[in-house]
Amino acid sequence: MSGKKKPLVVITRKLPDPVETRMRELFDARLNIDDHKMSREELAAAMREADVLVPTIRDVIDAELIEQAGPNLKLIANFGNGVDNVDVTAAAKRGIAVTNTPNVLTEDTADMAMGLILSVPRRLVQGANVFSTSGEWPGWSPTWMLGRRIWGKRLGIVGMGRIGTAVARRAKAFGLAIHYHNRKRVHAAVEEELEATYWDSLDQMLARMDIISVNCPSTPATFHLLSARRIELMQPNAYLVNTSRGEIVDENALIHQIEQGKLAGAGLDVFEQHPAVDPRLLKLASEGKVVMLPHMGSATLEGRIDMGDKVIVNIRAFWDGHRTPDRVLPPKV
């Protein structure tokens, strides 16, 4: 790149210092020092002058904004595992390439899923709140703060991709029996390693599990995959954990089942109306029936640096005229 003009790269949010420093070294990088969320007007202005835009999943880059892009904008290098926030088709029509940062958050997300699998049945957050709210402990008694044992329970994984498999490996170490539903069976060696049971029927699996972990991607086909009908199939002493996408689960139906005592509880890192949270979930959380996290599944320093490194690799490859490793193509119609 030394003999070429450095591309003007506009980054919409503050990134970890090592990532920003490397971007400054390689590109004419414009940073968001105060980490404010850019308005649509600011995004439009950035897209009129940038060679490369680096948005995050909270920046909606729709067809209207893309239509206002300047002639120099040739790459949208999304800082995110997906591109739900970018109209890839509109970008392609304007000759703008789109990339993302996949496959770097597997272990972080699996850690969080396992944390929720432990937290909800064992009432960890509720127990911690005894000290944080009142500062007093009433003392031990045989029936106080009883949760449910994890060891020996059945875990049903919905979506046995990289993250689902990583969750299964953790869960097996905690003595959970691994079951899964997927579009197709995983490799026989993986099934053998995890002693996993495959269910072709999601309905049949849901009705038999103690804990369900949602780990499938968000697509039109998985919208409300866990519908009201399917959530009603779950056992009343079962728990649901979702670290994937909120819209995969019919949140209203989930809340109803927990409120009616027809489901033991849930652990959620994602919400259907993100970033809004249903007030009924807040009430259930206050009662210890739901553990809620603010979309922290990928929130590790190492993970964010890995994402930034992928953004840099994509920009460098594109600007040097090479194939970008994480190019996202518009869906075929």
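The second largest pocket of this predicted model has a volume of about 400 Å³. Its lining consists of 17 residues, and those nearest the centre are I57, D84, R245, E247 and H274. Sorted by class, the lining holds six nonpolar, six polar and five charged residues. Domain 1 (8-100 + 300-328) and domain 2 (105-292) both contribute to this lining, so the pocket lies between them.

The chain as a whole is assigned to these domains, domain 1 being made of the two segments 8-100 and 300-328 and domain 2 of residues 105-292. Their C-alpha centres are 33 Å apart. Contact between them involves five residues of domain 1 and five residues of domain 2.

The nonpolar interior comes next. In soluble globular proteins, nonpolar side chains tend to be buried together. The largest nonpolar core here has 28 residues, and the members that touch the most others are V158, I212, V214, L226, L240, L254 and L268. Two or more residues each come from helix 9 (202-206), strand 9 (211-214), helix 11 (251-259), strand 11 (265-268) and helix 12 (279-286). Helix 11 is the greatest contributor, with four residues. V158 shows how such a member is surrounded: apart from residues up to four places away in sequence, V158 touches H181, L202, M205, I212, S213, V214, N215, C216, L225 and L226.

T243 sits in the loop between strand 10 (239-242) and helix 11. With a relative accessible area of 8%, T243 falls under the 20% limit and is therefore buried. Beyond its neighbours within four places in sequence, T243 is in contact with T109, M112, A113, L116, V214, N215, D269 and V270. The C-alpha atom of T243 is 14 Å from that of T165, a residue 78 positions away along the chain.

S119 belongs to helix 5 (residues 106-122). At 14% relative accessibility S119 is also under the 20% limit, and so counts as buried. Outside the four places on either side in sequence, S119 is in contact with L124 and V291.

Rolling a probe the size of a water molecule over the atoms shows where empty space is left. How many cavities of 30 Å³ or more does the model contain? The count is two. The largest cavity holds about 60 Å³ of space. Around this cavity are P121, R148, R149, I150, K153, D210, I211, N237 and Y239, which divide into four nonpolar, one polar and four charged residues.

Key:
Residues are numbered from 1 along each chain as its sequence is written. This is a predicted model: local features need pLDDT of at least 70, side-chain atom pairs count only at pLDDT 80 or more; totals for chains, interfaces and linings use all residues. Side-chain values use heavy atoms; hydrogens and water are left out. A nonpolar core is a set of buried Ala, Val, Leu, Ile, Met, Phe, Trp, Tyr and Cys residues joined through side-chain atoms within 4.5 Å. Buried means under 20% relative accessible area, exposed over 50%, partly exposed in between (1.4 Å probe, protein chains only). Contact means heavy atoms within 4.5 Å. On a 1 Å grid over the protein atoms alone, a cavity is a set of points where a 1.4 Å probe fits but cannot get out, and a pocket is an open set with protein on both sides within 12 Å along at least five of seven lines; lining residues have an atom within 4 Å of a point. Grid points are joined across faces, edges and corners, and a volume is the space filled by probe spheres set on the points. Ala, Val, Leu, Ile, Met, Phe, Trp, Tyr, Cys and Pro count as nonpolar, Asp, Glu, Lys and Arg as charged, and the others, Gly among them, as polar. Domain bounds come from an automatic or database domain assignment.
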